[in-house]
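Reader: Hi, can we go through this one together? I'd like to start with the rings.

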Amino acid sequence: RLEKLQDAKNGLSGYVLLSLEILIVADIIETIVKPTLEDIVRLAAIVAIRTVISYFLNKEIHAAETGKQRRLTENEENDNE
């Protein structure tokens, strides 16, 4: 049950990462259409924040998948003994 919950969490996290990237692109396009200094500074701040969030979310997903792979390997080793 815990494994299914982790899989669901990882799947949802992937969608969150995708939506963050789409929002960054939307902000970049908006800034290109009507660039003011305020828009550029705001865009830089938004991109920095979203990049940090994406980095740590991606790192958490990778750690969860690595842990899952490790547990599967340990279970297989225990079954073989």
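Predicted model: local features only at pLDDT ≥ 70, side-chain atom pairs only at ≥ 80, totals over all residues.

Reader: Which rings make up the pair, and is it stacked or edge-to-face?

Author: The rings belong to tyrosine 55 and phenylalanine 56. Their centres are 5.0 Å apart. Their planes meet at 80°, so the pair is edge-to-face. The cut-off for that label is over 60 degrees.

Reader: Why give both a distance and an angle?

Author: A pair of aromatic rings is described by the distance of the centres and the angle of the planes.

Reader: What about cover? How accessible is tyrosine 55?

Author: Tyrosine 55 has a relative accessible area of 47%, so it counts as partly exposed. Phenylalanine 56 is partly exposed too, at 49%.

Reader: New topic. Where is leucine 23?

Author: Leucine 23 sits in helix 1, which covers residues 2–33. Its relative accessibility is 41%, so leucine 23 is partly exposed.

Reader: And how far is leucine 23 from serine 54?

Author: In sequence, 31 residues. In space, their C-alpha atoms are 12 Å apart.

Reader: How many helices and strands are there in the protein?

Author: Two helices and zero strands.

Reader: What about the overall shape?

Author: The C-alpha atoms fill a box of roughly 65 × 15 × 15 Å along the principal axes. The radius of gyration is 19 Å. A compact globule of 81 residues would have one near 12 Å.

Reader: How much of the protein is buried?

Author: Buried residues make up 19% of the 81 residues. The protein exposes about 6,600 Å², with 63% of that from carbon and sulfur atoms.

Reader: Last one: how many charges are there?

Author: There are 10 positive and 14 negative charges. Their mean positions are 6 Å apart.

Technical notes:
Residues numbered from 1 in each chain as written. Heavy atoms only, no water. Helix = DSSP H or I, 4+ residues; strand = E, 2+ residues; numbered from the N terminus. Buried < 20%, exposed > 50% of the residue type's maximum accessible area, 1.4 Å probe, protein only. Phe/Tyr/Trp six-rings, centres within 6.5 Å; stacked < 30°, edge-to-face > 60°. Rg over C-alpha atoms; globule rule 2.2 N^0.38 Å. Areas by Shrake-Rupley, 256 points an atom, 1.4 Å probe, with all protein chains shown as cover. Lys, Arg positive; Asp, Glu negative; His and termini not counted. Charge placed at Lys NZ, Arg CZ, Asp CG, Glu CD.
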